[in-house]
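The tour below moves from one selection to the next.

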Amino acid sequence: MRSIRAAAIGAVTMSLALAASACGGGSQTGGAAGDSPKTLTYWASNQGASIEVDKKVLQPELDKFEKQTGIKVKLEVVPWSDLLNRILTATTSGQGPDVLNIGNTWSASLQATGALLPWDAKNFDKIGGKDRFVDSALGSTGVQGEDPAAVPLYSMAYALYYNKRIFADAGISKPPATWEELVADGRRIQQKGKQVLGAEGSNVSENIHHVFVFGKQHGADFFTADGKPDFTNDGVVAAVKQYVDLMAKDKAIPAGNAEYAQNQSVSDFAKGKTAMLLWQSASANLKSQGMSEDQYGIAPVPVQSGTPGAGTQVDSMVAGINLAVFKNTHNPDGATKFVKFMTGDEEQKILNKAYTSIPPVGSAQADPAFNTPANAVLKETLARSATALPQVADESQFETTVGTAVKELFADAAAGRAVTTESVKAKLQKAQQQMPTK
Amino acid sequence: MTTTVTAAADGRTVSKSSPGAARGPRRTGRIQRIGLPYLLLLPALLLELLVHLVPMVIGIVMSFKELTQFYIRDWGTAPWTGLGNYRVSVDFDAPVGDALLHSFLVTVGFTLLSVALCWLIGTTAAVYMQDTFRGRGLLRALFLVPYALPVYAAVITWVFMFQHDNGLVNHVLHDQLHLTGKPSFWLIGDNSFVALLTVSVWKGWPFAFLIVMAGLQHIPRELYEAAALDGAGMWQQIRRITLPSLRSVNQVLILVLFLWTFNDFNTPYVLFGRAAPQAADLISVHIYQASFVTWNFGTGSAMSVLMLLFLLVVTGVYLAATSRGRRAADA
């Protein structure tokens with residue numbers, strides 16, 4: 001009898017404990033690290049060849065920060081496949097990191113959630129002022145006219161990577177400067193039995209980056225000035241068709257690339273199967289796959305005619321990573337100090353060298369490491385001919401719907417079905433209908 | 001009920017409640033006796049509520065809200081939309097509803113085919129594995145491998161095999177057997193349905209095999225011997241003895257396979273990524289895309305609730321139909 005009573009008491013106690021912890025679960029905010037002013041949690045995006053590489057690059061810098069300020073930074077490197085979901089979950093629950101990396105194209109979408117600390121003049125003053133950053137990078141930090149949701153950390157741009165050996169074998173003396181030249185060179189490369197241009201046809205983000213630039217070159221935008229989707233205007237249709245036609249009509253992109261989504265096109269290029277690749281800051285990636293820097297050349301992405309510049313001569317998006325502070329942080333001062341540290345000249349040089357990206361901080365760009373021929377192309381592109389993706393709250397939906405439309409068009413092209421102005425327009429129409437109406 | 005029976009069996013006629021005799025303690029004793037099991041179940045019940053029902057209820061509540069990126073930080077401020085999300089989901093003339101309907105039909109077709117094939121292959125293999133022969137244990141173990149492998153590792157291997165340029169499938173079908181005129185795409189376009197079905201059946205049939213094999217152990221051998229004496233062949237034995245004996249096992253097996261396949265998220269997601277091809281646009285990934293990728297958790301929840309209702313109806317009808325069928329067969 002006694003043991004039964006004990007069991008009953010135990011059951012009741014456990015139930016009460018469960019009920020209590022269930023109710024209490026929501027109210028304990030701030031996460032483990034945030035409560036103490038001496039610690040910060042930092043979610044870094046995966047910039048290096050692997051998460052381990054990132055930890056090796058970042059940890060010494062975080063130790064340095066701890067020495068300077070006494071604030072310990074707990075680092076977590078989050079893979080790209082998880083990062084946005086993790087941020088959304090953190091936003092919903094209010095329990096997240098103190099400081100985090102975001103893809104700069106997400107800035108406006110995340111800004112709309114209100115989860116990130118806005119960088120007004122006062123906050124910018126704490127990290128040395130807004131004018132430390134170059135304009136192109138600041139253009140991808142949130143909706144124009146509002147306080148940025150994040151500050152630029154690493155900048156990247158698209159460039160044309162070409163295999164010197166294949167070019168020499170095909171008798172091509174200089175990289176193509178226009179799409180027409182690229183297609184013509186492609187025919188000579190194919191005669192040598194090599195593939196012409198690599199692409200990630202099933203990667204919706206890559207598709208978006210390319211059709212956005214083609215859109216610019218056709219003088220077209222995917223969004224109207226007041227932020228409404230406008231995917232079916234003639235310029236956009238022509239732009240998307242031109243990109244897909246690189247496979248469908250010009251046969252420059254091999255049909256097999258239509259299903260690529262895991263950077264197989266980079267591997268193909270590194271292995272010498274493909275002559276050209278349009279990629280952002282690929283050097284570190286190519287090196288890790290065994291392709292040394294003297295084997296390939298870097299040139300600006302082709303344009304329709306003339307040379308890269310503003311307006312219809314744009315040849316890259318402003319790619320890059322921004323650093324944001326989570327509004328729910330319990331240590332806003334420490335978080336701001338950390339942002340100041342990471343965007344300081346010294347750290348900018350160290351980190352951007354490690355990741356072969358370009359510092360978005362003007363004074364750090366002067367370092368000779370960023371003036372090598374390869375980096376000079378990227379720097380030049382960022383300064384003169386790169387434009388930020390649309391800074392609208394629906395950017396994330398735009399990537400999904402239009403990126404998927406391009407993926408389906410590539411699938412059509414790969415299967416040998418005709419890609420016409422009508423079929424392109426129909427797919428874009430469908431994409432536009434799936435955009436939020438409010 | 002039981003007490004009456006025992007009392008009658010004892011052959012004594014005891015009036016069940018002898019009034020007046022120590023009423024108080026006995027009643028509390030009875031309450032204790034009845035109450036204790038429930039009390040002991042309470043922690044489990046609360047846990048069940050916590051991990052199972054609460055998220056479901058929250059999901060249902062979410063489906064009535066306009067929970068987009070503008071409101072996810074503070075759910076309370078998200079405006080109520082009533083049936084708005086449901087209206088969008090089932091408006092089959094508009095693109096969102098149309099896409100959902102398409103995805104639903106693809107999923108139903110896929111699930112029926114996958115379950116049928118899993119069951120057929122699993123049962124056939126189990127029946128053939130019934131007789132003892134050398135190497136049976138090894139084969140049985142081998143058959144269970146797909147079921148034991150981690151889903152991601154297994155499916156990513158299939159992704160490699162289905163690749164257009166260097167995949168094993170094209171190598172065999174095109175390069176060696178010359179069955180196709182040119183290498184086919186399996187991960188994009190219409191063939192993706194076949195690829196998805198192949199992986200799903202490959203992954204699912206060992207479970208059917210396992211369950212049917214367990215069910216077969218309970219069929220007495222004498223039945224087969226008697227049938228053989230009466231001149232029944234292998235096919236007749238299967239039809240008249242094996243299948244009827246497996247009836248209750250199959251009832252559960254098919255239901256479970258159906259629910260698992262219908263809800264399967266991992267296989268299509270690992271095969272195709274976040275934007276599945278039209279031909280293989282399963283509803284679980286579709287809903288994921290509607291909520292996580294396009295940041296509209298209200299509509300995503302409404303779609304989930306609709307799927308839940310559909311599965312509830314299917315399960316209910318299935319159980320009612322099969323149970324009645326069995327009662328009729330038993331009678």
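At roughly what angle do the axes of helix H10 (residues 204-217) of chain A and helix H18 (residues 395-414) of chain A cross? Select both helices in this predicted model, and you will find that their axes come within 8 Å and cross at roughly 90°. Because angles of 65 to 115 degrees count as roughly perpendicular, H10(A) is roughly perpendicular to H18(A).

Now show the side chains where the two helices meet: H10(A) contributes Val204(A), Ser205(A), Asn207(A), Ile208(A) and Val211(A), while H18(A) contributes Glu399(A), Thr400(A), Val402(A), Gly403(A), Thr404(A), Val406(A) and Lys407(A). Coloured by class, this contact of H10(A) with H18(A) shows 5 nonpolar, 5 polar and 2 charged residues.

Next, select the open sheet of chain A, in which 5 strands are arranged in the order E2-E1-E3-E10-E4 with mixed pairing. Its edge strands, each pairing on one side only, are strand E2 (72-78) and strand E4 (151-156) of chain A, and the twist from one strand to the next averages 20°.

Zoom in on E4(A) and strand E10 (residues 319-325) of chain A, which pair in the antiparallel sense over 5 bridges; here Met156(A) stands opposite Ala319(A) in E10(A).

Helix H14 (residues 332-342) of chain A lies across E1, E2, strand E3 (99-103), E4 and E10 of chain A, and runs at about 155° to E10(A).

Technical notes. Residues are numbered from 1 along each chain as its sequence is written. Chains are lettered from A and ligands numbered from 1 in the order in which they are written. This is a predicted model: local features need pLDDT of at least 70, side-chain atom pairs count only at pLDDT 80 or more; totals for chains, interfaces and linings use all residues. Axes are lines fitted to C-alpha atoms, for helices over the stretch in contact, and angles run from 0 to 180 degrees between N-to-C directions. Helices (H or I, at least four residues) and strands (E, at least two) are DSSP runs, numbered from the N terminus. Angles under 35 degrees count as roughly parallel, over 145 as roughly antiparallel, 65 to 115 as roughly perpendicular and the rest as oblique. Two residues are in contact if their C-beta atoms, placed from the backbone, lie within 7 Å. Ala, Val, Leu, Ile, Met, Phe, Trp, Tyr, Cys and Pro count as nonpolar, Asp, Glu, Lys and Arg as charged, and the others, Gly among them, as polar. Two strands pair if DSSP finds at least two bridges between them.
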